[in-house]
Structures are given as structure tokens and as C-alpha cells.
Amino acid sequence: MSAFQLEQTYNNFINGEWVKAASGKTEPSINPANRNEVVGHVPASGVEDLNQAVAAAKAAAKSWRRLTGAERGNFLFQAANVLERRANEVAEAMTREMGKTFPEAKGETMRGVAILRYYAGEGMRKTGDVIPSTDSEALMFTTRVPLGVVGVIAPWNFPVAIPIWKAAPALIYGNTVVLKPAQETAVTAAKVLECFEEAGLPAGVLNLVCGKGSVIGSALAEHPDVNGITFTGSNEVGKRVGAAVLARGAKYQLEMGGKNPVIIAADADLDLAVEGTISGGLKSTGQKCTATSRVIIERKVYDAFKEKLLAKVEEIRLGDGMSGGSWMGPCASEGQLNTVLSYIQKGQDEGAVLLAGGNRPDSPELAEGFYVQPTVFEGVESHMSIAREEIFGPVLALMPVDSIEKAIALANDSDYGLSASIYTQNVGSMLSFIRDMDAGLVRINAETAGVELQAPFGGMKMSSSHSREQGQAAIEFFTAIKTVFVKS
Ligand SMILES: NC(=O)c1ccc[n+]([C@@H]2O[C@H](COP(=O)([O-])OP(=O)(O)OC[C@H]3O[C@@H](n4cnc5c(N)ncnc54)[C@H](O)[C@@H]3O)[C@@H](O)[C@H]2O)c1
Ligand SMILES: O=CCCC(=O)C(=O)O
């Protein structure tokens, strides 16, 4: 049973208070499964609101960083407990706001709980090393210090997990935070902040400002009192954010798109490979940065794999993520739906062959939602737009090859390098893939999506600023190393 209520009005969270945007402006957040449902009204903030949030975070920074890691960790443990208790409500907000099915949204919310507990524990771990000095009378060691105020700019596709996997390490290592969520999922972000508020986090330590990316996101990136920006989103925006932060000498981290390949070797367990391709490519309506989009198949098993894949794609049930029978929800917004449809059209215009899907579903009960059928192309060549550009929708491109060597070369023929997987039973093929695949996350006999919170996550090439998030790797971004030399 969820306590979520539709059509509430949400505010920004600044200095421990829920406050309206200075302009008083709000905008509706609508349900992509039914454009007529208003999930909530969210602030359309301006730079003035952002400035207040940064000032609050700056004022709170000194006392927050002076707490011990264990004391900061206790707040995160409390926030985890509240989020766990309110998981159904938060997950329902997520499903209604961005369309992923309720079980996926609940899973993501519980992942948020686990991330909070993981980083709460980090407050008790070591922060430096003793390094022998050349002076026998001296003690030399390293310690870690927080950056100060960190700006978090988050996308809509994981509206609980991503803000938490950025904010939790920022906080545990002693930073204060201003979160700018995607406007499409600002209600879900407000629900997460309510959990931190209920946990008793001190005023100003974590602030929320909702508004347009081009207004709030860019002002956060450019703000002179923001010492670090952690951004997840598209390449186009990420590059702009990185340039703005670099120009003023602050620290930045960009985690961006993917064009993730799965390789199906001739010796693969084809049923497992089909299952992993469908789950990796089509769960969350293909809107994961780790989603499978290129399916590279050894020619000997191409027809057998294709037949099994198409049979499974036929079985996929589209529908509102709040209904039990739905396997795949809508695209998260009308803009996202139009992007996906335009790539499907481009695929056909550039000569790829449509094997399944390709349209909006015709059933009347889905007419008010941003649904698109799961889509499979063959005859896809590496130069085509649908093989090169991130679509961020339920579209799979089948590409046959003659050998594993050619499969890995084709998989690497991309500007992106986020995640990649191979289905094979041959240890030699596994090892070649691990060695030669240019991706930050490589998975064997497992789908391309699926990130574990305790392991480093990030991409190569255009997928990232070459930093890593999550696990203990997070300390690298959220702290600076200080080398200490002590002589009595
Ligand atoms: N690598 C990863 O870990 C990862 C994870 C999830 C999503 N993504 C990527 O995110 C993208 C989808 O998310 P999206 O559509 O929300 O991305 P987006 O780039 O449009 O928006 C991301 C965030 O940036 C803000 N923004 C927009 N314009 C801005 C500007 N000019 N200055 C500063 N901020 C601005 C948005 O409001 C949002 O909060 C995909 O490319 C996906 O691959 C990457
Ligand atoms: O969208 C990017 C994050 C992907 C992720 O968390 C996953 O694949 O589990």
C-alpha cells in the first residue's frame, strides 16, 4: 500500500525548509503512461533560488565537515531506514513520473537504500596512508578533505539511484550538496529529500532546486561557490557542463551516454543470450545508459538467435507500469518518444530492415501514453545512425559477423565505451573480450545493464570524463588528498 498522492505541489528544499520558487512559478509533472494525469506540480526555479541554495550549502559546510565520518554516517543510516519504510510511495512516484514498471522502480528504490547504507559505513573507513619520510624524525601521511559545496546534476532515468549514488558519497566525505534533478522527475526527487529531512539531516547540508537544466543546471555549473560538479546525462549537455566548470577551475565528473554492444558467440547458450539481450535492451524501455543497443552475432547462429529473439519480443506486454501485467512502460516523455520514432525512421531511410515493432502501439488504452513498440532491426551497418548514436529507447540492431575477433572490432567501432557483454562458453573468447573491449564495464554471460553499488562504474571514450563513480572509487572525486609532514 503506497501513501503517494497525485497533484500535490512540491517546493524546493533550501536550508532545511521547503520553499516556493521566488517567482512562485510551478509546472506540472505529467505521467508518460497517461498524459492527462498530473503527478505533481514542481517549482520552475530561477537563478535567485539556486543562489540561496548554494549560500545555504556553503554556510553548512564548516560544521558538517567537522563531524566525524561515523556521525555523518548515522544520518545516512537514518535516511536509509526512512527510504526503506517509504519505498512503495517513492517507487510509485517514480513509476508515475517516468514510466518504468513498479517492480523496477521498487528495485531501484531499494538500491537507493543499499547505497545509503554502504556509504554510511564508509564513514568508518580509512582516509589515508602513512608514507615513509626520508627524514627519520618525521611522520608523513595522507588524509582526505572534502571539496566543499558539490553540485549534483542528475538525469530522469534513475531518479532515485543516481541522485543517491552521487549525494551519499559527497555527504559522507564531508561535502554539502545542492541537487538539481531532472525536471521530469522532480516529484520523485522531492520524495527522496523528504526522507533525508525526516532523518534529521542538519539544515543546508542537502538542498534541492528544481528547474530547467538550461537555467538551474548551467547556473550551478558556473557558480563560483560550487567546488565540484558531478553530472550524469547526455553527452551534449555534459560537454557544456564540463567546459563551464573547467573554465573556473573547479572539479568535475561527467557520466554520459552509451551505445552498448552484446556479442553472441557461436558457442553461446542461446536461450540465456536472448534473455540477456531482451532484459538488457528493453527493460526500462531501453532508457538505461547501460542498455544493449547493438547485438553482434556470429553468423553460424544468426538465424537461430534471431528466431528465438523475435519470438520473445512478440511476448512483451506494454502498459502502464502501475499495472501488474505490464513488462514495458512508455518512454519517459513525449520528447523521448519522438526521438525514438525519429531514429526508427532514420534506420529505415538508411537501409536497415525492420523485423519487429517500429511504431506506436495501436491499442486504444495506450493512446494517451508515450508508448513505442519494442523494435528490432537487421541489415544494420556500422556507419548508420542507429548503430552509432545513442537512441535511449527500446531499439535493437542485429549485426552478423564471421568471428569473435571481428565481433570485438565491431563492438569497439563506437565513440562510446560504457558497458559491453559477451555470451560464450569459451574461456579464450572471454579473455580476449576482457582484454580488448574498450568499455568501463565488461560482463560475461550477463546483460550489459546492471551496476553493483560497491564496484567502480564509469565509461571510456565519450561515455565519461574518465572518472569513476560508486564503490570506494567515489572518494577520488569527492575529496582532495592532503599530504601531511609532521616534525616535532
Ligand atoms: N553514464 C551514466 O552513468 C549514465 C546514467 C544515466 C543516464 N545517462 C545518460 O543520461 C542521458 C539521459 O538523461 P537526460 O535526458 O536527463 O540527459 P540531459 O543531459 O538532457 O539532462 C541531464 C541533466 O542535465 C540538466 N541540464 C540540461 N541542460 C543543461 C545545461 N545546459 N546545463 C546544465 N545542466 C543541464 C537536465 O535538467 C538534467 O538534470 C542519456 O544520454 C544517458 O545515457 C548516463
Ligand atoms: O543509466 C545508467 C545507470 C545504469 C544502471 O544503474 C544499471 O544498469 O543498473
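The side of domain 1 that touches domain 2 draws two or more residues from each of strand 5 (34-43), helix 3 (87-98) and helix 4 (102-122). Helices (H or I, at least four residues) and strands (E, at least two) are DSSP runs, numbered from the N terminus. Helix 3 gives the most to this side, with 5 residues.

The model is predicted; local features need pLDDT of at least 70, side-chain atom pairs count only at pLDDT 80 or more, and totals for chains, interfaces and linings use all residues. Residues are numbered from 1 along each chain as its sequence is written, chains are lettered from A and ligands numbered from 1 in the order in which they are written, and side-chain values use heavy atoms, with hydrogens and water left out.

Domain 1 spans 12-256 + 463-487, and domain 2 spans 260-444. These bounds come from an automatic or database domain assignment. The C-alpha centres of the two domains lie 31 Å apart. Domain 1 brings 23 residues to the contact and domain 2 brings 27 residues; contact means heavy atoms within 4.5 Å.

The area buried between the domains is about 2,100 Å², and carbon and sulfur atoms give 55% of this area. Buried area is the accessible area (1.4 Å probe) that two parts lose on being put together, summed over both. Arg 35, Trp 156 and Ser 463 supply 26% of the area that domain 1 buries against domain 2, more than any other three residues. The interface also holds 2 salt bridges. A salt bridge is a side-chain nitrogen of Lys or Arg within 4 Å of a carboxyl oxygen of Asp or Glu. Arg 35 forms a salt bridge with Glu 368, with the closest N and O atoms 3.9 Å apart.

Ligand 1 is surrounded by 28 residues, and Trp 156 is among the closest. Here a residue counts if one of its heavy atoms lies within 4 Å of the molecule. A polar side-chain atom of Ser 234 lies 2.6 Å from an oxygen atom of ligand 1. A backbone N or O atom of Ala 154 lies 2.7 Å from an oxygen atom of this ligand.

The residues around ligand 2 include Arg 111, Thr 290 and Gly 450. A polar side-chain atom of Thr 290 is 2.6 Å from an oxygen atom of ligand 2.

Definitions and conventions. Polar contact = N/O pair within 3.5 Å; in protein donor to acceptor, adjacent residues only side chain to side chain.
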